[in-house]
Amino acid sequence: DFTRATLLLTCQLRLSHALSDTRVLTYKQYSEVIDFISKKGESLDCLVGANSEPLLKELENHFNDLPFRNLLVRGFQLAQALDLWASIGLWVIATQNSGYPSKLLAKVGHKSPPFLVGAGSLSNLNQKSLGVVGSRSADKQSLELAHSLGRFAAEISAPIISGGARGVDQTAMQGALESGGVAVGIVADSLAKLVVQDDARDWINNDQLTFISVQDPYASFSIGGAMQRNKYIYALSDAAVVVESDFEKGGTWAGAIEQIKTLHYANVFVPSQVVSKGVSELRKAGARDFEAHSGDDLRRLFEAETNALKPTEVKSEQLTIF
């Protein structure tokens, strides 16, 4: 089973608050292992089959510093974890599964998360979507704008993609859900706690809300996990709005700058009416101004994405699409 083998190699399994001390493969190492096995004409699921020993020995000879056996013997622990995840309504998919988001694979490639665990409709991950991110401590004006963006996205049946954190993220998602739209939360920690909350469960059961994580759903918060999560928000978005940001600090700033300067998974927009230091500096870095007063205005963001300037052609002056 490809998914089971993937989890054994790449998931730092937790059972409640217990943590395995076994070092799992990095995304790069996992990708190299997949390539090696493919060239042998084999599949990863051979590692959890009855005749795994010949392939396992070849892997150990080629990757002599990777703890394959220590990871693969965790079968009973994984079975317990999967039972626990299923008991709270979570699914898990790997890159080889048909439901894995095509946008992630197209934009992130071999650096895509080996597996996703989540709750809610997988179809919400493959639609034309608006990313909305911002500070946890955003002011009232920014929160009102975030809520409006969620409402406008619902008007045009575009899911909101965000991080599920308090402040801008949650407010944009609430704006979409309360208007009959769809929201996707890519969370950096505590997925298991989120999906059992009564209000979240109602939205999930109504196919309006999807939560996903790239790690064990009982994992606690880490800065590294949050930064990785930010990449996937942009990768699943067809255009992204930074509603508010601190200047040169915090995950919102770092994630936006990384997209503007390096990754280019989605065009980055900032509200023209916001003049804070963080947003102003994002403009100077290459984020594009926009105004939105309806769903039709959001459609222009997607059109701008389709007809975007190549990253190397972004000029230093402020860009406006209206």
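Visitor: Leaving aside its neighbours within four places in sequence, which residues is F211 in contact with?

Guide: Before we zoom in, a word on what you're looking at. This is a predicted model, so local features need pLDDT of at least 70 and side-chain atom pairs count only at pLDDT 80 or more, while totals for chains, interfaces and linings use all residues. Residues are numbered from 1 along each chain as its sequence is written, and side-chain values use heavy atoms, with hydrogens and water left out.

Now your residue. With neighbours within four places in sequence left aside, F211 is in contact with V117, G118, A119, M173, G185, V187, L191, L194, V195, A200 and I204. Contact here means heavy atoms within 4.5 Å. F211 and L44 have the most contacts inside the largest nonpolar core, which has 69 residues. Such a core is a set of buried Ala, Val, Leu, Ile, Met, Phe, Trp, Tyr and Cys residues joined through side-chain atoms within 4.5 Å. Buried means under 20% relative accessible area, exposed means over 50%, and partly exposed is in between, using a 1.4 Å probe and protein chains only. Another core, of 31 residues, lies apart from the largest one, and Y100, L236, A240 and V270 are among its members.

Helices (H or I, at least four residues) and strands (E, at least two) are DSSP runs, numbered from the N terminus. T6 counts as buried because its relative accessibility is 0%. Again leaving aside neighbours within four places in sequence, T6 is in contact with C11, Y30, L44, A94, P114 and F115.

Next, a loop: A219 lies between β8 (209–213) and α11 (223–235). A219 has a relative accessible area of 6%, so it is buried. Although A219 and S190 are 29 residues apart along the chain, their C-alpha atoms are separated by 6.0 Å. Beyond four places in sequence, A219 is in contact with R14, D189 and S190.

In α5, the buried residues are L78, A81 and W85. Seen down the axis of α5, these buried residues fall within an arc of 60°, so they line one face of the helix. The arc is that of the directions from the helix axis to the C-beta atoms. An α-helix has 3.6 residues a turn, so residues three or four places apart point the same way. On the face of α5 turned away from the buried side you'll find the exposed residues F76, D83 and S87. After α5 comes G89, with a positive phi near 80°.

What about aromatic rings? The whole structure has four aromatic pairs. Rings of Phe, Tyr and Trp (its six-membered ring) pair if their centres lie within 6.5 Å; planes under 30 degrees apart count as stacked, over 60 as edge-to-face and the rest as tilted. The rings of F36 and F63 are edge-to-face, because their centres are 5.6 Å apart and their planes are at 80°. This pair links distant parts of the chain: F36 belongs to helix α2 (residues 27–39), F63 to the loop between α3 (53–62) and α4 (68–72), and they are 27 residues apart. Both F36 and F63 are buried. The rings of F247 and W253 are edge-to-face too, because their centres are 5.2 Å apart and their planes are at 85°. Ring pairs also join F36, F63 and F68 into a cluster.

Let's stay with F247 for a moment. F247 counts as partly exposed because its relative accessibility is 29%, whereas W253, at 11%, counts as buried. The charged end of K277 sits over the ring of F247, 4.9 Å from its centre. That label applies if NZ of Lys or CZ of Arg is within 6 Å of the ring centre and within 35 degrees of the ring normal.

Last stop: helix α13 (residues 277–285), where G278, V279, E281, L282, R283 and A285 are buried. Their cover includes β9 (239–244), α12 (250–263), β10 (268–271) and β11 (288–290). G286 follows α13, and its phi is positive, near 135°.
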